[in-house]
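The following report describes a single protein chain. Please consult the sequence and the structure alongside the text.

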Amino acid sequence: MIPFVGLLGGTFFANRVTPYLFGMPFLLGYCVIWVVITTILMMVIYKLDPKNKEGEAR
């Protein structure tokens, strides 16, 4: 839910060209940052989910 709100809800507030983030217009840099944040959150959720450990050999 956090990435959904960050990407879709935050773009209305971040809709400007300047300042530049990583050489990109602010809105594009904002979206790229949220893609990275979403990837990190999904990795954490995957590691903490107990169903992922059911198939592992012991």
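A residue is called buried when its relative accessible area is under 20%, exposed when that area is over 50%, and partly exposed in between, with a 1.4 Å probe and protein chains only. The model is predicted: local features need pLDDT of at least 70, side-chain atom pairs count only at pLDDT 80 or more, and totals for chains, interfaces and linings use all residues. Residues are numbered from 1 along each chain as its sequence is written, and side-chain values use heavy atoms, with hydrogens and water left out.

**Overall architecture**

The protein chain contains 2 helices and 0 strands; helices (H or I, at least four residues) and strands (E, at least two) are DSSP runs, numbered from the N terminus. Because its radius of gyration is 16 Å, well over the 10 Å that the globule rule gives for 58 residues, the chain is more spread out than a compact globule. That radius is taken over C-alpha atoms, and the rule is 2.2 Å times the number of residues to the power 0.38. The C-alpha trace spans about 55 × 20 × 10 Å along its principal axes.

Of the 58 residues in the protein chain, 14% are buried. The accessible surface comes to about 4900 Å², and carbon and sulfur atoms account for 74% of this surface. Accessible areas come from the Shrake-Rupley method with a 1.4 Å probe; for residues, only the protein chains shown count as cover. Contact means heavy atoms within 4.5 Å. Among contacts between residues at least 6 apart in sequence, 27% join residues at least 24 apart.

Helix α2 covers residues 26-48; at 1.5 Å a residue, its 23 residues should span 33 Å, and its end C-alpha atoms are 33 Å apart, which agrees. The expected span is 1.5 Å times one less than the number of residues in the helix. The buried residues of α2 are F26, G29, Y30 and W34, and these buried residues pack against α1 (2-9).

L27 also belongs to helix α2 and counts as partly exposed, at 26% relative accessibility. Neighbours within four places in sequence aside, L27 is in contact with T11, A14, N15 and R16. The C-alpha atoms of L27 and G10 are separated by 9.5 Å, the two residues being 17 residues apart along the chain.

**A nonpolar surface patch**

L28, V32, V36, I40, M43, V44 and L48 make a nonpolar surface patch of about 640 Å². Patches are made of residues with over 30% relative accessible area and no salt bridge, like charges being joined within 9 Å and nonpolar side chains (Val, Leu, Ile, Met, Phe, Trp, Tyr) within 5 Å. A salt bridge is a side-chain nitrogen of Lys or Arg within 4 Å of a carboxyl oxygen of Asp or Glu. V36 lies in helix α2 and is partly exposed at 46% relative accessibility. V44 lies in helix α2 and is partly exposed at 41%.

M1 lies in the segment before α1 and is exposed, at 75% relative accessibility. F22 is found in the loop between α1 and α2, where its relative accessible area of 69% makes it exposed. Although F22 is not a glycine, it has a positive phi of about 55°. K51 is found in the segment after α2 and is exposed, with a relative accessible area of 62%.

**Separations between C-alpha atoms**

The table sets sequence separation beside spatial separation for selected pairs.

| Pair | Apart in sequence | C-alpha to C-alpha |
|---|---|---|
| M1 and V32 | 31 residues | 17 Å |
| V36 and T11 | 25 residues | 16 Å |
| K51 and P19 | 32 residues | 43 Å |
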